[in-house]
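Visitor: Can we go through the ring pairs in this one, and then a polar side chain?

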Amino acid sequence: MKTYISASILGADLLNLADECDRLKENNVDMLHFDVMDGQFVNNISFGLPVLEKISKYTDIFLDVHLMIKSPLDYIDAFAKAGSNMITFHVESDSDPDETISTIKKAGVKAGISVKPGTPVEEIYRFLDRVDMVLIMTVEPGFGGQGFIPETASKIETLRKYITEKNIDVDIQVDGGINNKTIDIVRKAGANVFVSGSYLFNSPSMAEAVKSLK
Ligand code: DX5
Ligand code: ZN
């Protein structure tokens with residue numbers, strides 16, 4: 001199974017995003033994870049369309065956009081136009097998941113669906129044949145730098161077993177508290193796309209940090 005590292009921009013030096021994009025490319029990081037928060041779906045506000053647009057014009061790294069917003073459907077076209085390569089939204093949001101997936105696909109972008117730590121993974125089973133990725137949150141969405149929630153590992157195992165049995169081709173992404181220790185737990189459970197923010201950007205050597213996650 002191919003594995004990917006996606007760097008959460010929340011952990012980056014936000015005053016020097018161009019340098020940070022270069023650093024990700026130099027260290028063979030596969031994706032940039034762009035966390036969008038609206039102060040409604042989560043208790044925090046991050047950044048949005050104009051920043052994404054600038055980044056997509058500057059770098060060719062794969063842009064993995066994580067929408068932690070109340071009404072993702074209303075913003076899919078705008079996020080696609082701003083340069084997203086993949087858009088992940090939450091099943092707990094107010095938007096209709098079927099319509100949201102169709103809109104993402106129609107925009108020519110890959111689609112991901114996410115569950116918060118307290119949401120059973122079975123809730124997304126009916127969308128599995130239409131999405132490219134499932135994001136299993138390993139912290140409560142809202143802030144970078146939180147500790148990994150160990151109980152989420154069983155959800156990853158359950159999903160990996162299910163998609164293997166049904167022969168469904170979908171990536172399993174994990175996001176929150178991923179570092180050189182917790183990676184072993186989530187990899188063993190069956191995840192193959194690893195988001196890392198604070199660990200990746202704060203390590204003394206990004207090259208070493210990437211190696212420890214691959
Ligand atoms: C949390 C975000 C994550 C987070 C990851 O709401 O979705 O992407 O920034 O950062 P770390 O790796 O620091 O937990
Ligand atoms: Zn995220």
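This is a predicted model: local features need pLDDT of at least 70, side-chain atom pairs count only at pLDDT 80 or more; totals for chains, interfaces and linings use all residues.

Visitor: How many aromatic pairs turn up in the whole structure?

Guide: Two. Rings of Phe, Tyr and Trp (its six-membered ring) pair if their centres lie within 6.5 Å; planes under 30 degrees apart are stacked, over 60 edge-to-face, the rest tilted. Phe34 and Phe47 are a tilted pair, with 5.0 Å between centres and 45° between planes.

Visitor: Are Phe34 and Phe47 buried or exposed?

Guide: Both are buried, meaning under 20% relative accessible area; exposed is over 50% and partly exposed is in between (1.4 Å probe, protein chains only).

Visitor: And which tyrosines form an aromatic pair?

Guide: Tyr125 and Tyr162, stacked at 3.8 Å centre to centre and 15° between the planes. Tyr125 counts as buried because its relative accessibility is 17%, while Tyr162, at 24%, counts as partly exposed.

Visitor: New topic: what does the side chain of Gln173 make a polar contact with?

Guide: The side chain of Asp64, at 2.9 Å. A polar contact is a pair of N or O atoms within 3.5 Å; within protein, one must be able to donate a hydrogen and the other to accept it, and residues adjacent in sequence count only if both atoms are side-chain atoms. Gln173 counts as buried because its relative accessibility is 0%.

Key
Residues are numbered from 1 along each chain as its sequence is written. Chains are lettered from A and ligands numbered from 1 in the order in which they are written. Side-chain values use heavy atoms; hydrogens and water are left out.
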